[in-house]
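Hello,

I am passing on the structure we spoke about, and below it you will find my notes on what came out of it. Please read them with the model open beside you.

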Amino acid sequence: MMEAVSTIPPFETFYVEHRTEVLGVLRKSLGSQRAEDAFQETFLRALRAYGRLTHGEHLRAWVLTIARNVALDAHRRERPGGELPEPVHVDGLPAAVELAELTDGLPDTERRAVVLRYGYDLDYERIAHALGSSPDAARQAASSGVRRLRRSMR
Amino acid sequence: MTFSTDLDRRFRDAAVQLELLDAAYDTVASPVGDLLVAATRDGLLRITFDPDPDAVLERISRDVGPAMLRASRAIDPIRRELDEYFDGQRRAFDLSLDLRATTAFTHRVLDELARVPYGRTATYGELASRAGRPQAARAVGMVMNRNPIPIVLPCHRVVGASGDLVGYAGGLERKIQLLRLEGAML
């Protein structure tokens with residue numbers, strides 16, 4: 001049988017590998033108390049999307065993005081219209097960090113789409129999961145983000 | 001950083017309760033050693049004596065999907081029946097089975113196998129006849145060897161024409177142990 005390029009591990013493996021880091025990131029962003037609900041929500045979202053993954057690459061970046069979205073949602077619920085929290089810091093991805101500085105001025109959805117596409121090299125299917133939208137909408141958000149960046153650099 | 005076992009359990013329970021899993025699994029302790037037991041929403045999918053759970057889990061993942069989690073809550077009803085069986089309190093299992101990964105012939109043979117009563121034995125040839133293929137004793141042996149749900153589908157009750165135990169995928173020791181438990185062997 002042909003081996004796929006990067007097979008998707010059983011969810012158990014993925015969960016055990018990333019749960020400690022995800023909880024740490026959420027604690028930093030939300031505090032110990034609220035981090036527990038956010039932790040559950042993060043991995044339930046990941047579990048719902050897991051069967052639609054097409055390969056097993058970038059799973060760490062993927063779950064950290066979900067965690068970040070869950071934290072953002074929690075902050076929004078808490079303080080509608082308030083300031084956004086510190087972005088979740090992801091180590092070892094300098095391209096994404098560099099890009100994050102560049103994209104700070106973009107609307108939220110466009111910024112996330114651009115960073116995931118060009119910083120993390122995720123496909124639109126995966127980005128759609130992270131954004132909670134369709135692949136078409138993700139593609140559109142990324143390309144209008146890039147157009148906006150071009151305009152701002154002129 | 002310590003990881004809260006309570007938080008972990010709550011997530012696993014929620015995943016089961018929300019029916020988000022392709023399969024749940026857990027380890028069940030038994031007199032014939034630790035068993036890895038996996039189930040889908042449709043029923044019991046796999047029991048294995050395999051000491052290498054990773055390989056088993058990957059195979060299950062290919063069969064039913066990757067959304068698999070160790071979740072004792074989903075396996076508890078099966079654990080209860082296995083415990084009763086090993087305590088000598090249960091002679092037949094009352095569990096729905098998920099045999100999606102088997103071919104038509106295998107399915108027919110396993111159906112017949114399920115009818116071999118507690119504490120009795122049948123030969124490979126007899127089972128082949130009952131499945132409508134009297135010449136297929138060897139193929140029946142193969143099906144027994146790859147039985148996805150040993151113990152519950154009692155391949156330990158199938159023996160050679162001369163009464164020899166012949167073999168058991170879980171090792172002959174376990175076959176003898178199970179037949180003794182059922183009083184089929186002294």
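In E2(B), B:Leu35 is the bridge partner of B:Val28. Please keep in mind that this is a predicted model, in which local features need pLDDT of at least 70 and side-chain atom pairs count only at pLDDT 80 or more, while totals for chains, interfaces and linings use all residues. Residues are numbered from 1 along each chain as its sequence is written, chains are lettered from A and ligands numbered from 1 in the order in which they are written, and side-chain values use heavy atoms, with hydrogens and water left out.

Strand E1 (residues 23-28) of chain B pairs with E2(B) in the antiparallel sense over five bridges, where pairing requires that DSSP finds at least two bridges between two strands. Helices (H or I, at least four residues) and strands (E, at least two) are DSSP runs, numbered from the N terminus. E1(B) and E2(B) form a hairpin with six residues between them, and B:Gly33 in the turn has a positive phi of about 105°.

On its other pairing, E2(B) is joined to strand E3 (residues 43-48) of chain B by five bridges, and the two run antiparallel; B:Thr40 stands opposite B:Gly43 in E3(B).

Is strand E2 (residues 35-40) of chain B mostly covered or uncovered? Six of its six residues are buried, so E2(B) is mostly covered, where buried means under 20% relative accessible area, exposed over 50%, and partly exposed in between (1.4 Å probe, protein chains only).

Best wishes
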